[in-house]
Structures are given as C-alpha cells and as structure tokens.
Amino acid sequence: MKMVNLKQAILQAWKDRWSDYQWAINIKKNFPKGVTWDYLNLAEALMEQAMIGPSPNPLILSYLKYAISSQMVSYSSVLMAISKFDDFSRELCVKSLLEIMDMFCHRLSCHGKTEECIGLCRPIPYRNLLPPKEPIHTALSKQFQAVLRKGWVDSRALHLFESLLNMGGVFWFTNNLVKELLKETRQEWANRVVELLYSIFCLDTQQITLTLLGTILPNLLTDSAHWRSLADPPGKALAKLSVWCALSSYSSHHKGSFSARQRKRQREDIEDYNSLFPLDDTQPSKLMRLLSSNEDEPVALSSPDRSMSSSLSASQLHTVNMRDPLNRVLANLFLLISSILGSKMAGPHTQFVQSFMEECVECLEQGSRGSILQFMPFTMVYELVKLPALAKPKVVLAITDLTLPLGRRVAAKAISAL
C-alpha cells in the first residue's frame, strides 16, 4: 500500500471530523489485513500531517495517541518518527511530542539482538536535560561552567549542548560560548576552555567554523567597543581556537566528509565574490588582472571595500573554488587581517591578529594538513616580518609559495628587510 494513500485517508478523516475511535474503525476496514501498520509507516504519516503548521493539529494528534494506546503502532516506530522532527523553533509542536513521549516512555524495554536494541535506543532523546522555565542562555552558561570545573565533556553534557545548538541556532550557540571564553582571564583556565570548546564544536564543525570566522571574529575586530575583550590571555586563546577550527574544517572539508545534519543545515549567506572569481573562464578575474599588471607595486589594503587584489597565492587562481563558503570566509578573514596589520592604529585587536598568525605558523611548522595560509595576501608578508615573533627567515620561507616567481620575489624582499 502506498504511503500517499495512507496520507489521503488521514486527511479525509480530518476533513470529515472523525473522532479517534471512528478513524481507527474506518482505517482498519479500508486497509488490507495481514499488513502491520509499522510496515505502512502509520506513525510517521500521522506525525507528518499533525506537525505541518506552527502548532500541532489536535485532531490528527489524537489519532496518533489512539494508535499508540491501542498498540496499532509500535513504540519504536513512534520514536523513529519523533526523532526525525528537527524544527525546535515550533515550541507547541515540541511540547506535544514530549507529551506523547510521556505516554509510553516508562514501558520501553529492549529484547532481541544487540543491534536491534541500539536501533531502538538511538531515537530516544535525552529527556529532562534542560531545567524547566530556565532561559537557554542560562542553561548553556551553567552547563559550560560545570564542564569547565570537571575538565571534560561527558555524553550527557554533549547531548545537552546539542539540544541547545538545535534550539538557539549556530550563531547564538557559538557566540555565547565565545563570550564564555573571553570571560576567562587566567592563562591555564583559558587554555582549558579552548580544548573544551574545540571538542564541543565538533557537534557541527563546518557551520560553527563558518560562523566563528565569518561573523563573530569580524565583529570583534572591527568594533572598537569589543577590542578590550581581545586582550591576553582570552584573546590569545580565542586566536588559537579559531586557527584550530579553521584547520580542522579546511582539512575535513576537502575530504568531502559531511554528517547528515551538516548536509541538511542551511548554508550561511556569505559575501559574493562572483565579480572577483567569474564562474566561467571566458572573462579574466580582477585578481588575475591585478597580479599580471604590475607585481612590484604595493597594494594598499586599508579599505575593507577594496577588492581582494593579490589576496591569494597565484597558484590558487585555478585551484581554489570560490563558490565554496569556507574558502570565501577564509579569504575575507585574511583580507581583514591584512587591513589591520597595515593600519596605524594599534591595540588589543592587533595583538589578537599577531597571536592568530603565530598560531598559524606554529601549526604549519608542526606539519598540519591543509594550510589556510594559502589564502593570505602576498602583501601581508611585509607586515608580518615587522612582528618580532615572526621576523625570522624560516618563517618567511614557510608562509610564501616558493614555487612561484611572485612568491620567491616576495620572500626575497621580506628576508632582505629583516
């Protein structure tokens, strides 16, 4: 029996305003005997029709409750149907699902093979993790402080963090955890926060990294009201966390490994670089024209509205896919960093940028895969050698592409200026 026919029967019952027992009697008459309702995915069909709007359909929801009470559907099929619901912004729907869970959660048991028991347990959400009537911001802060005191993230805390991520969204979740990091003024504890956040961010590394590098860091670096929070030690810790997330995301991203939830989550909107990197090869890009016109002229990057002139290594002109959101965010971030290094205004934000670049170089020297320094503008090399910690010939050779004439020329000029 096709699922569409079952849905039509449910909608017809709703239009005729059948009661729950009338619906059960009629649906049993019209569908063939010998076929289980789980095989027909009755629980999933009822769930889908009941949760269409911003609030649940009470009549169709009563059909589902009657099916559970009369054991027309198994508990496992209901759990599987509930686990597929992910729009936690619809509070009334979430409340209804929790009420359905309360109907039979005390009757659940597992018998059979190990894999069958695990399959039943997977859809069961961690119930009662969030305290009732407590703001999710408070719940996030309390849970993180508890994890910080303990020193590790257990499975219960990880599921709570995942619930908060789903409820508040990627930006809210990442932004508030970064605020927790910036509150920590003790060096040892700041380093511990970095390690804990790096493990928590694995819940959705790709989207959290896009949010961290594409929205949160630019806001902190461009708004002078936030510069004080970037002072050491929390500023240096945030720089380390940002580099770790960038390297991890870039490395895993180019392996093509994505989780189901990462594929499903809507991509963030990122600045369009189509004029800089045309989608067809018939039109030369601005970057190609700038690099081919006069390589010896220094390019000013003080204006954030300036095009990404020489912002990538020339070897990336044909290999970097600027349709990719992660590549765009990295290119834009390094353009902002280059602008800060070239400006005459110093402060905690320049100290943060220095820590960020030092961490990039350190990770590069340790042999990290997928170096993000390929997105660094060539003109940044001259600014980096002005920093005492990076004013070393081996650092210059490490961050420039020596396989290119332009890279060798930039490296030679930078080393001669040391």
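Across the chain of this predicted model, pLDDT (the predictor's confidence in each residue, from 0 to 100) averages 75, and 73% of the residues score at least 70. Local features need pLDDT of at least 70 and side-chain atom pairs count only at pLDDT 80 or more, while totals for chains, interfaces and linings use all residues. Residues are numbered from 1 along each chain as its sequence is written, and side-chain values use heavy atoms, without hydrogens and water.

Colour by confidence and select helix H10 (residues 170-183), where the mean is highest, at 95. Then select helix H15 (residues 286-293), where it is lowest, at 37. Helices here are DSSP runs of H or I, at least four residues, numbered from the N terminus. Residues 257-318 have pLDDT below 50; this stretch makes 115 contacts (heavy atoms within 4.5 Å) beyond near neighbours in sequence.

Next, show Phe173, Leu238 and Met357. These have the most contacts inside the largest nonpolar core, which has 79 residues. Such a core is a set of buried Ala, Val, Leu, Ile, Met, Phe, Trp, Tyr and Cys residues joined through side-chain atoms within 4.5 Å; buried means under 20% relative accessible area, with a 1.4 Å probe and protein chains only. Helix H16 (residues 325-342) gives the most to this core, 10 residues. Another core, of 36 residues, lies apart from it and includes Ile10 and Tyr63.

Finally, select the cysteines. The model has zero disulfides (pairs of cysteine sulfur atoms within 2.5 Å). For cysteine 202, the nearest cysteine sulfur is that of cysteine 245, 8.0 Å away. Cysteine 245 counts as buried because its relative accessibility is 2%.

Key:
Buried < 20%, exposed > 50% of the residue type's maximum accessible area, 1.4 Å probe, protein only. Helix = DSSP H or I, 4+ residues; strand = E, 2+ residues; numbered from the N terminus.
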